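Here is a colleague's note on this structure, written as numbered points for someone new to reading models. Please keep the sequence and the 3D view open while going through it.

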Amino acid sequence: MPMWAAIALTIVSGGLVALQSRVNGELARELDDFSVAAAISFGSGLVILVLLAAAWPEGRRGLVRLRGALQAGRLAWWMLLGGTAGAWFVATQGLAVGVLGVALFTVAIVAGQTLGGVVFDAIGLGPGGRRPLSPTRIAGAALALVAIGWAVSAQVAGDVPLWLMLLPFSAGIGASWQQAMNGRVRTASTSALAATFMNFLVGTAVLVVVMLAHAASVGWPTAFPTAPWLYAGGAVGCVFIAAQAVLVRRVGVLVLALGLVAGQLAAALALDVLLPTSARPVGFATVGGTVLALVAVALASIRWRPARHVAAEAGPSVQAGEPGEVTSGR
């Protein structure tokens, strides 16, 4: 896949992440129960994937190859746990989006994803191997953290608790780890469906336990909303999780996170301006922080061109026989 096409797809995937945040946030508000909303989102996605696996023989073969990779030791068992981070991401959508708005929630996600992408690429956690740090990448990550501070500044002085911002920030770090794990599962199984299925299976199991524990303490929702679009979060998640599992090997954890950032920010601002969730308008600090975060995306992306060029020159002599792939330390 050409790099420009891979980056374009990451941007589209980012827009879907922001859309899912709005859908799941609204469902949690209607139910007045974040745990049930999160379980519905992941559970509905799992049902879709079960039906796809039943109807698509190649998807079932991917699951068989995944089991073989685990038995042979080519894939560690803990690499199947990317869905736990996805479960936390979806839970924070229900907890925080209704209060923060999609734009502010997404800016916090951006900071976490950028930081996580830098760290996980540096240690080689993704399927593409280690992608060393560079001054521009470090500067881009630092600028993203400045951006989140600016975007949050107006809200900290208002009625939004600071601790609430830590939820999407931690979910952003978890999302980068999830993308790395799903990419490894996809590589081992050579199947995006198998990687997405395992992500939703693990995430659903975690969220069902959380839902039962929460219901035992506060009870179940008294009524469920009837608007069909409120239950679309799982379907949207299936699309962008599968896309990320495929793309992460091509572009790396950080570039994937940065491409997602661009799509998330654009879609989130559009949703908060056109379809606000509360009477609180989108403030200048939020817009400014979003723009600064986009600058951080561009700055951190600059370093990839020389790094990829050097790797490409070294590739034929070090690891011949892998056309089209950038050689990296493994």
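1. Ser-41 lies in helix α2, which covers residues 34-55; helices here are DSSP runs of H or I with at least four residues, strands are runs of E with at least two, and both are numbered from the N terminus. Ser-41 counts as buried because its relative accessibility is 3%, and the word buried means under 20% relative accessible area, exposed means over 50%, and partly exposed lies in between, with a 1.4 Å probe and protein chains only. Although Ser-41 and Gln-20 are 21 residues apart along the chain, their C-alpha atoms are separated by 9.1 Å.

2. The model is predicted, so local features need pLDDT of at least 70 and side-chain atom pairs count only at pLDDT 80 or more, while totals for chains, interfaces and linings use all residues. Residues are numbered from 1 along each chain as its sequence is written, and side-chain values use heavy atoms, with hydrogens and water left out.

3. What does the secondary structure of the protein come to? There are 11 helices and 0 strands. Of the 330 residues of the protein, 52% count as buried, and among contacts with a separation of 6 or more, 85% are between residues 24 or more positions apart.

4. Helix α9 should be read with care. Although α9 has 42 residues, its end C-alpha atoms are only 20 Å apart, short of the 62 Å that a straight helix would reach at 1.5 Å a residue. A kink of about 110° in α9 is centred on Gly-252; the bend at a residue is the angle between axes fitted to the seven residues ending there and the seven starting there.

5. The largest nonpolar core has 59 residues, and those with the most contacts inside it are Leu-75, Leu-100 and Phe-200; such a core is a set of buried Ala, Val, Leu, Ile, Met, Phe, Trp, Tyr and Cys residues joined through side-chain atoms within 4.5 Å. Among the elements that give two or more residues to this core are α1, α2, α8 (192-218) and α9 (233-274). The largest share, 12 residues, comes from α9.

6. The structure holds 1 aromatic pair, for which the rings of Phe, Tyr and Trp (its six-membered ring) must have their centres within 6.5 Å; planes under 30 degrees apart count as stacked, over 60 as edge-to-face and the rest as tilted. Why is the pair of Phe-42 and Phe-200 called tilted? The ring centres are 4.9 Å apart and the planes are at 35°, so this pair of Phe-42 and Phe-200 is tilted. The two partners are 158 residues apart, with Phe-42 in helix α2 and Phe-200 in helix α8, and both Phe-42 and Phe-200 are buried.

7. Asn-199 counts as buried because its relative accessibility is 1%. Not counting residues up to four places away in sequence, Asn-199 touches Phe-42, Gly-82, Gly-83, Gln-178, Asn-182 and Ile-241.

8. Finally, two loop residues are worth checking in the view. Asp-32, in the loop between α1 and α2, has phi near 55°, a positive value in a residue other than glycine, and at 68% relative accessibility Asp-32 counts as exposed. Thr-190, in the loop between α7 and α8, has a positive phi of about 50° although it is not a glycine, and with a relative accessible area of 47% Thr-190 is partly exposed.

Terms used. Contact = heavy atoms within 4.5 Å. Expected span 1.5 Å × (residues − 1).
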